[in-house]
Amino acid sequence: MELTALTFEGVDPKRPMVIAGPCSAETEEQVMSTARRLADRGIRIFRAGVWKPRTKPGGFEGGGEPCLEWLKRVKNELGMYTAVEVANARHVKASLDAGIDILWIGARTSANPFAVQEIADALKGVDVTVLVKNPVNPDLELWIGAMERIYNAGIRRLGAIHRGFSEYDKSLYRNAPQWHIPIELHRRLPELPIFCDPSHMGGRRELIAPLSQEAMDLGFDGLIIESHCDPDCAWSDKNQQVTPESLSLILEHLVIRDTMQTTESLAELRREIDKLDNELMSLLSKRMRISREIGQYKKEHNMPVLQARRYDEILNKRGSQAVELDLDPEFIKTVMRAIHEESVQVQMKLING
Ligand code: PEP
Ligand code: MN
């Protein structure tokens, strides 16, 4: 993918890009008051859902198109960029007509290729920023596929949002982070900016700070966090929203690692690991050669390949040695079992060959 970097005027490129605002646009006052307090604390990109995908009917499903007028006020009066969730072509058209700067595709929508394609078709020839949340299910190909559909429509200001994955059994998180998935996404598409959404991931206010820090430690480019002027009274997702003032404190306390510095020290440590891996390889090769000699000896003396007492001895000896060396004995037993199994295979081939 050849992407255009996501830059926003007034957003410090040395800090994570932050998108903040309420889960839902509820009233004009709620939107304006939240946005004003966020703007006062330096937030430049305002989010608010106007069409809300709710699990069951009867909940607040967003005020729809009329709310876009309030977002226009946020843009015109406070000079903020605005972001909304779109789930179909009608949403895209209405948002573009209202001058919305960032469209995001929600987790339920990105799981549906028909819906994503409809959105992509509506975006043809348009220059707008699009962020694609991970699908609710942990399917990296589906996530990448959704981004490819948007990219193929000509969108170059593209990014991903990691909001965690749905699980049947509720755990500490509302949506499990499964960090290895965005890490693999970054490996596959290194130029794609990735945001973390700690609000929907944690589902609880207290988890916003630690999850944001984890995302920063993993080198994420930005954060999208739900913030409400009066979180306890929010019409949707009240447990995971924070006031603009709390948000500002959370952001202030984030430790942003110096990427250059980290890369250099990491490179040094990786060189050491490579050296050790090379040594491990040559030791393994030496061990296997001797094992083959033992196999030869067993063959010549008509002895059985597997000698259970010797196998037990190896496992027990290495297991207790592991403790002294600050290694997990179970891990060492697994490694020794694998090595021993390979030796047995090699010797069997020798004897039968
Ligand atoms: C949201 O951002 O308000 C939202 C509905 O999120 P998700 O699609 O991640 O559930
Ligand atoms: Mn929400």
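Tutor: Before we start, a residue is called near a molecule or strand if one of its heavy atoms lies within 4 Å of it. This is a predicted model, in which local features need pLDDT of at least 70, side-chain atom pairs count only at pLDDT 80 or more, and totals for chains, interfaces and linings use all residues. Residues are numbered from 1 along each chain as its sequence is written, chains are lettered from A and ligands numbered from 1 in the order in which they are written, and side-chain values use heavy atoms, with hydrogens and water left out.

Student: OK, which residues surround ligand 1?

Tutor: The residues around ligand 1 are Cys23, Arg47, Lys52, Glu85, Trp104, Gly106, Ala107, Arg108, Lys133, Arg163, His200 and Glu226. By class, this shell holds 3 nonpolar, 2 polar and 7 charged residues, where Ala, Val, Leu, Ile, Met, Phe, Trp, Tyr, Cys and Pro count as nonpolar, Asp, Glu, Lys and Arg as charged, and the others, Gly among them, as polar.

Student: And which polar side-chain atoms lie by an oxygen atom of ligand 1?

Tutor: Among them, Arg163 has a polar side-chain atom 2.6 Å from a ligand 1 oxygen, Lys52 has one at 2.8 Å, and for His200 the distance is 3.4 Å. The protein buries 97% of the 300 Å² that ligand 1 exposes when taken alone, with accessible areas from the Shrake-Rupley method and a 1.4 Å probe; for residues, only the protein chains shown count as cover.

Student: Where do Cys23 and Asp237 sit in the chain?

Tutor: Cys23 is in the loop between strand 1 (17-21) and helix 1, while Asp237 is in the loop between strand 8 (222-226) and helix 10 (244-253), 214 residues apart. Helices (H or I, at least four residues) and strands (E, at least two) are DSSP runs, numbered from the N terminus.

Student: Is Asp237 buried or exposed?

Tutor: Asp237 is buried, at a relative accessible area of 19%; buried means under 20% relative accessible area, exposed over 50%, and partly exposed in between (1.4 Å probe, protein chains only). Asp237 also has a positive phi, near 50°, although this residue is not a glycine.

Methods: A polar contact is a pair of N or O atoms within 3.5 Å; within protein, one must be able to donate a hydrogen and the other to accept it, and residues adjacent in sequence count only if both atoms are side-chain atoms.
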